[in-house]
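Here is a short report on how two chains meet and how one of them is built. Keep the structure in view as you read.

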Amino acid sequence: MDGDWDEVSRILFPPPGVHALPTLVTTMTFDTSQELLWTGNDYGRVTAFVGSELQRYTSFKAHLASDGLVRQILVNDKGVVILGSRDVHMALRRGVPLWHIRHDEMKDLRCMSFTSKGTTEIIVAGFQDVMLVIDLNKGEVVKQVSTEHQYSIMKRGRYICAATKTGSVNLLDPVSFAVVKTWNAHSALINDMDAQHDFIVTCGYSLRQGQNYMLDPFLNVFDIKQMSSMPPIPFPAGAAYVRMHPRMLTTSIVVSQTGQMHVVDLMNPNTSNVRQANVLTYLSMFEIAPAGEAMALADPECYIHLWGSHSKLHFVDLPTPIEFATPEEPMPPIECTQDTPLNSIGLPYYRELLASAWPDLVSDVGAPPVRFDAKFINGLKPTDFGLYGRNTRGFRRNQAEDTRNVNMSANAGLKAPKFLSEKARESAKHDAKS
Amino acid sequence: ELNTELFRELENGRVARLLLKLGTVNERQEFDGDRSWSENGERYMLKLFRDYVFHQVDGNGNPVLDIGHMIRCLSRLDAGTDERICLTSRDEQTSFVVSYKELKKQLGNAFGELLKGSKQG
């Protein structure tokens with residue numbers, strides 16, 4: 001971390017309603033191709049923030065509020081994938097939904113990861129005995145994998161690194177999803193984990209005196225090349241969150257709950273760079289941008305803090321432009337009179353069939369009006385605006401009625417002579433039915 | 001003179017047909033509880049588009065009845081242009097950036113579904 005890093009902006013996470021109290025950020029992810037920070041809340045809502053000012057961009061519901069919090073967000077070139085406990089939603093960055101999967105085997109999902117197929121396939125897992133493989137292009141579950149282990153965090157490195165409930169990390173083969181190696185990282189549970197290239201780093205808890213969960217005062221490191229754990233890196237303040245630096249391959253950033261940040265070289269742990277984030281209570285989340293030039297921190301006061309260098313802060317190296325609404329050219333106001341022709345506004349240039357094109361539908365024009373029987377009319381109460389009462393006619397509301405036939409059955413005793421055209425129509429109808 | 005009259009009537013018919021389509025699709029009771037019309041569904045934007053076109057307000061929340069805005073939006077929907085608009089929900093919590101092209105496709109799908117369910121279709 002350079003010397004000029006500081007808190008660049010701080011925003012209050014938008015509350016779930018106009019008069020509602022603010023709530024916690026449940027997950028954060030930096031976009032990999034645009035200057036966006038994606039966040040999730042307790043009510044299934046996803047909100048994106050733009051650039052160093054963290055201005056609000058799109059915001060949408062990934063699942064119903066009753067289905068709980070947003071667990072995790074992944075991004076690929078097409079859009080964002082949002083994991084809830086019971087469903088997976090994919091949307092364009094602009095918020096337009098692409099697909100939504102709610103599967104019977106989705107009971108308590110916690111985490112997901114890309115697989116061997118780049119960013120076109122994910123595996124989702126959680127506190128349940130089945131993992132599901134989802135094709136992101138089709139939006140379909142393509143495989144179910146049963147698992148003995150229940151996972152809370154997943155990160156894709158050379159293997160899919162999956163943290164269990166009990167403090168160990170399983171290295172899964174990204175093709176077969178079989179457990180290649182189990183590493184017992186912490187004695188009680190894992191609080192945070194990251195994986196990059198050759199390393200897995202974890203922060204976790206152990207049980208002290210058999211009853212208190214305490215953050216371990218060290219960072220655990222696993223070397224994937226050697227398939228063995230490395231000596232833990234001491235962090236006396238209690239290591240709560242950790243991320244590998246995306247550019248400096250052996251560097252990790254460790255953060256304590258009180259906001260102490262250390263930049264540590266795993267190969268040379270004695271030299272570290274220390275910073276203090278200004279938080280009133282404690283930190284609840286930490287994330288680093290893909291360019292390594294920005295960090296986001298969240299606290300229980302529901303603030304998001306953005307750290308970086310004032311002059312160089314950016315999320316991705318070659319950002320694609322964010323798609324905002326097309327700026328509207330000012331139009332001269334139209335005087336609207338009875339005679340203003342609607343075509344004075346004009347239609348934009350087009351090549352395809354217009355949306356207003358009406359399909360070929362046969363319409364019955366000029367049928368006699370519906371007749372109401374006297375019993376129904378008498379059952380209504382007269383008021384100055386008309387009659388009202390219950391719908392006792394035995395029809396649905398707004399049900400279309402074939403008034404031609406009704407009139408005919410009413411006059412069943414007297415057969416009125418028919419025009420030739422009427423006869424032809426009836427025989428045509430009979431033919432169509434039989 | 002005759003051409004002007006003709007174009008005028010063609011335009012009226014086009015606008016009317018588009019409005020008829022929007023009318024058949026929006027706020028149908030059968031769609032209550034249908035996931036694709038719910039807040040995370042792909043048709044939620046058609047509802048928000050209706051508000052965007054017809055329920056415009058000024059800074060004080062008073063209605064703005066700008067026929068130019070209404071017809072312009074409808075024409076762009078009709079042609080399905082690439083222009084993008086920002087649609088915001090009534091509680092101001094949800095905002096989508098969506099193109100007329102995408103909205104046109106949604107309207108086509110929704111109307112097509114009604115057509116399939118109708119007797120004549």
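Helices (H or I, at least four residues) and strands (E, at least two) are DSSP runs, numbered from the N terminus. Buried means under 20% relative accessible area, exposed over 50%, partly exposed in between (1.4 Å probe, protein chains only).

How many of the 11 residues of helix α2 of chain B are buried? The count is 8, so helix α2 (residues 44-54) is largely enclosed by the rest of the structure. They are B:Tyr44, B:Met45, B:Leu46, B:Leu48, B:Phe49, B:Arg50, B:Asp51 and B:Val53.

## About the model

This is a predicted model: local features need pLDDT of at least 70, side-chain atom pairs count only at pLDDT 80 or more, and totals for chains, interfaces and linings use all residues. Residues are numbered from 1 along each chain as its sequence is written, chains are lettered from A and ligands numbered from 1 in the order in which they are written, and side-chain values use heavy atoms, leaving out hydrogens and water.

## Chain B as a whole

Chain B has 4 helices and 2 strands. Along the sequence, they follow the pattern α-α-α-β-β-α. The C-alpha trace of chain B spans about 50 × 45 × 25 Å along its principal axes. Of the 121 residues in chain B, 45% are buried.

## Where the chains meet

Chain A gives 51 residues to the contact (heavy atoms within 4.5 Å). Chain B gives 47 residues. The two chains bury about 4100 Å² between them, 58% of it on carbon and sulfur atoms. Buried area is the accessible area (1.4 Å probe) that two parts lose on being put together, summed over both. In chain A, A:Leu342, A:Ala355 and A:Trp358 lose the most area to chain B, together 16% of what that side buries.

## Charges across the interface

The rule finds 4 salt bridges across the interface of chain A and chain B. Each is a side-chain nitrogen of Lys or Arg within 4 Å of a carboxyl oxygen of Asp or Glu. A:Arg94 forms a salt bridge with B:Glu102, and their closest N and O atoms are 2.9 Å apart. On the side of chain A that touches chain B, the elements giving two or more residues are β5 (55-61) and β9 (97-101) of chain A. The most come from β5(A), with 6 residues.
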